[in-house]
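Dear colleague,

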Amino acid sequence: MRRILSIDGGGIRGALPASFLATLEDSLGRSVADYFDLIVGTSTGGIIALGLGAGLTANEILSFYESHGPRIFAGNRFLRVLRQIGISKYDPAPLQSALTEVFHDKKLGDSKKRLVIPSLNLDTGEVHVWKTSHHPRLERDYKSTMVEVAMATAAAPTYFPTYRSAAGVPLIDGGMWANNPIAVAVVEAIGILNWPRDSFCVLSLGCGTTPLDVGLGRVWGLGSMYWAVKIAGVFMTAQEKSALGMAQHLVSDRNNIVRICPSVSARFGLDEISELKSLKGLGNSEARKALPTIRPLFFETKAADDFTPFHT
């Protein structure tokens with residue numbers, strides 16, 4: 001049985017799945033990446049996926065959030081609000097600096113695991129999915145640096161400016177269409193890797209779900225000013241649920257999909273660095289509860305094979 005790890009986007013809340021994986025790692029006694037044949041991640045989940053592919057332990061990735069998160073999402077709250085009116089909320093330089101410190105000049109082709117990382121091309125409106133060379137036709141992405149891939153998938157509108165790739169392509173956060181990338185992962189497994197529908201299982205990790213609350217929008221036909229602050233939450237909730245539903249229909253047995261995404265309160269904002277310790281605690285707690293159930297499906301043996309790219 002092959003195994004897939006899928007990790008949602010969610011800003012600083014990526015500390016939750018990072019802590020979840022780090023807790024598993026402490027119990028298993030080896031890197032969690034050793035158990036997976038394909039890792040898919042969007043935005044902050046993409047950074048975690050790249051870290052695992054680069055050979056970092058989950059504990060090292062969690063340390064990345066603890067060490068660099070406050071600097072990436074730094075600044076006076078009032079000034080950030082003023083910036084957001086006209087420009088992106090945060091300067092991307094601290095994020096790029098932190099990623100460079102971790103990945104150095106490693107390229108996507110240096111990944112020890114098959115990776116799939118979504119982003120979006122603003123020039124064409126087409127999806128731009130970064131992939132390791134795990135199929136003969138995947139001839140270009142492996143040459144891109146991990147820093148470039150991470151910056152592209154994490155360029156969330158309003159939070160960070162559009163990222164322009166080395167080739168000149170304007171790219172933004174893959175969360176615009178695949179914040180929960182589980183459907184992308186299953187399609188990759190079946191459609192590109194040609195894995196039979198009954199030959200793999202998926203561990204899907206979210207960054208915490210805030211209950212959908214549209215207020216008076218449930219009963220009143222309110223206008224654009226009201227919905228401007230609500231619609232992103234609606235899109236994200238709908239995409240998360242629909243992606244999970246599609247993935248469950250595509251596999252032969254929906255029990256081969258395990259989704260872990262605890263409900264969190266609104267205080268856990270995508271850039272709320274004051275909640276880092278709580279996010280770490282949530283990840284630890286969820287892992288302790290889940291391990292006895294998921295161990296037989298995901299962590300009894302190592303990955304089915306060693307990844308050998310088609311192009312290097």
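The search ran on a 1 Å grid over the protein atoms alone, where a cavity is a set of points at which a 1.4 Å probe fits but cannot get out, a pocket is an open set with protein on both sides within 12 Å along at least five of seven lines, and lining residues have an atom within 4 Å of a point. Grid points are joined across faces, edges and corners, and a volume is the space filled by probe spheres set on the points. By this rule there is one cavity of 30 Å³ or more. Please bear in mind that this is a predicted model, in which local features need pLDDT of at least 70 and side-chain atom pairs count only at pLDDT 80 or more, while totals for chains, interfaces and linings use all residues. Residues are numbered from 1 along each chain as its sequence is written, and side-chain values use heavy atoms, with hydrogens and water left out.

The largest cavity has a volume of about 50 Å³, and its lining consists of Ile47, Gly51, Leu56, Ile61, Phe64, Leu99, Val102 and Phe103. With helices taken as DSSP runs (H or I, at least four residues) and strands likewise (E, at least two), numbered from the N terminus, α2 (44-53), α3 (58-72) and α5 (93-103) each supply at least two residues of this lining, and α5 gives the most, with three residues.

The second largest pocket has a volume of about 200 Å³, and among the residues that line it are His128, Trp130, Arg140, Asp141 and Lys143.

As for charged pairs, the whole structure holds 10 salt bridges, each being a side-chain nitrogen of Lys or Arg within 4 Å of a carboxyl oxygen of Asp or Glu. One of them joins the side chains of Asp8 and Arg259 (2.7 Å, N to O); this pair links distant parts of the chain, since Asp8 lies in the loop between β1 (2-7) and α1 (15-28) and Arg259 in strand β8 (residues 257-260), 251 residues apart. Asp8 counts as buried at 4% relative accessibility, where buried means under 20% relative accessible area, exposed over 50% and partly exposed in between (1.4 Å probe, protein chains only).

Another salt bridge connects Glu286 and Lys289 (3.1 Å, N to O), which are three residues apart in helix α11 (residues 276-298) and therefore separated by about one helical turn. Glu286 is buried, at 15%, whereas Lys289 is exposed, at 55%. Finally, Arg2, Arg114 and Asp305 are linked in a network of salt bridges.

With best regards
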